[in-house]
Amino acid sequence: MAHYVLFPALLLWLSRKSSANLLNVVLGIGVASFLFSIWAVDATPGAAFYLLPSRAWELMVGSGLALALLQGRLRPPGKVLREAAGGIGLLFILCAVFTFDAYTPFPGPAALLPCVGTGLLIYAGVGGERYVIGRLLGLRALVFIGLLSYSLYLWHWPVIVFLKHYLLEPLDVRTMSAAIVASFALAYLSWRFVERPFRKSTGQMFSEGWGWLRIEDTHLFRVTGAVMALAIAIGLILDQGDGLPARLHGEAAAIYAISEDKAPERKRCEGIAPQDVSYERLCRLVDNEVAPSFLVWGDSHGVAMMHTVGAAAQALQLNGLNATSNGCVPLLDLTRPARDLDATCIGFAQRIIDILAQHPQLQTVILISRWARHAEGTAYGEEGKPTLLLRHVDGRQASTQQENRALFAEGFATTLAKLHALQRRVVVIGPVPEIGVDVPSIMAKAAMRGRQLLPGVPRQAFLQRQAFVLQQMDRSDLSFEYRPVHEYFCDAQNCPAHDGVLPIYFDDNHPALRGSERLQPLFAEVLKPAKP
């Protein structure tokens, strides 16, 4: 949305500068944004998808085309060029529609296909002469959808989001169809009574359709600016106030409180930079004088379970080291291209191996991770959305699910071989069932409305999601012990996210403290000294 606010203001400012060449400015912004997009889609894909700097060049394609035509630097196409531009443009768009999937890095270079394709279609239509693709796109139904497209773009997402918020469950075909109809209806109303009057206005806004409303041109930016400032202020208050949880009461408050039911050791054990990782700096899981004899290596799932591991160790009068880092798969040579995880995760993993090599008394290594998140590149329930695929330290970057799984299997084998070479006993803790919804939030919302909503996933859905991971856990060519976690969370049919009253997860995939406590018998068995 920032494109549509900032860019017109920039053009307005530049138009008052006699020395400014708008086309050169637009091209410069486009090239810089595109180069940044190429870098960002790999280094920080989430930000690349949502934020202005990596998406601005897409708007510049159309803007540059318009300015080039207005300034006479580009002539309208002849008959042959018109047909070729229209055909190639449509082909580019269809290629993107039918070949891009969740594993296609986007925007980046991939966005060239739909953007350049759209630019070619626009160029083919310059001059108003009919051509083959133009006649197709000129069908009344398609033209009508085109007229509504901007309003439809603005309306469809709020409709879907608020509908999901109200229903507290995924939208089925019937509900989604109703959402589409509602989006079109709202889009028509805003096109008819906002867009069209705005475009036709001469001196006053909304003179058509809203006769009672008169907003002078000079006041438009003040009004819209004030509304935007108010919206931003409200958003900041809600964000900084964590959604104002004090508004909750009774059962809803007790349910939502589970979102903070986390291992108390998190505050003192998280956030160690790779260069600072050492035997002395890693947290001891038990506050006693016993020398550590095991090490927990993991990501945020390891963080979620550290208190339970510590409790099991304390009962056995043992101690261990916590080596967990959020977002980092506990495997050698692998990372995800997100934020600064490249250097952090690979360096962290190598330091753990160095510590194990220097301290042979750490005989047992326990690996804990959200395995499927790393192996599949997606979160449960978000398949089809932007992915975070693995990258190898040698520069290999997965671009498909198959390549991602191959890198995961390679890293899994490399890590276990290295630990075996160090003569360590390795225990791999199996995956925790992922729920796909924020459990405390959705249960609290239901309680506020007098409903009881008890989320979970079918056991079969869990097994299907984890099929590749469980295949790796069954590898006979590697030396390790596998301990399944889901047997402590699932019954024969389902994997509930609650105990019938309160959640056992503090979000959509991490077990809360009261959930991870179920695993104390498992860790007690893992840590129990072998009989002589």
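Cys495 is buried, with a relative accessible area of 0% (buried means under 20% relative accessible area, exposed over 50%, partly exposed in between, using a 1.4 Å probe and protein chains only).

A word on the model: it is predicted, so local features need pLDDT of at least 70 and side-chain atom pairs count only at pLDDT 80 or more, while totals for chains, interfaces and linings use all residues. Residues are numbered from 1 along each chain as its sequence is written, and side-chain values use heavy atoms, leaving out hydrogens and water.

The structure holds three disulfides, a disulfide being a pair of cysteine sulfur atoms within 2.5 Å.

| Pair | S-S distance | S-S torsion |
|---|---|---|
| Cys269 and Cys283 | 2.4 Å | about -120° |
| Cys328 and Cys345 | 2.0 Å | about -80° |
| Cys490 and Cys495 | 2.0 Å | about 100° |

Along the chain, the bonded cysteines follow the pattern 1-2, 3-4, 5-6. Cys95 is in no disulfide; the nearest cysteine sulfur, in Cys115, is 14 Å away. Cys95 counts as partly exposed at 31% relative accessibility, whereas Cys115 counts as buried at 14%.

Cys115 is among the buried residues of helix α6. Helices (H or I, at least four residues) and strands (E, at least two) are DSSP runs, numbered from the N terminus. The buried residues of α6 pack against α4 (56-70), α5 (79-99) and α7 (132-137), with contact meaning heavy atoms within 4.5 Å.

Helix α16 (residues 401-421) has buried residues including Leu407, Phe408 and Phe412.
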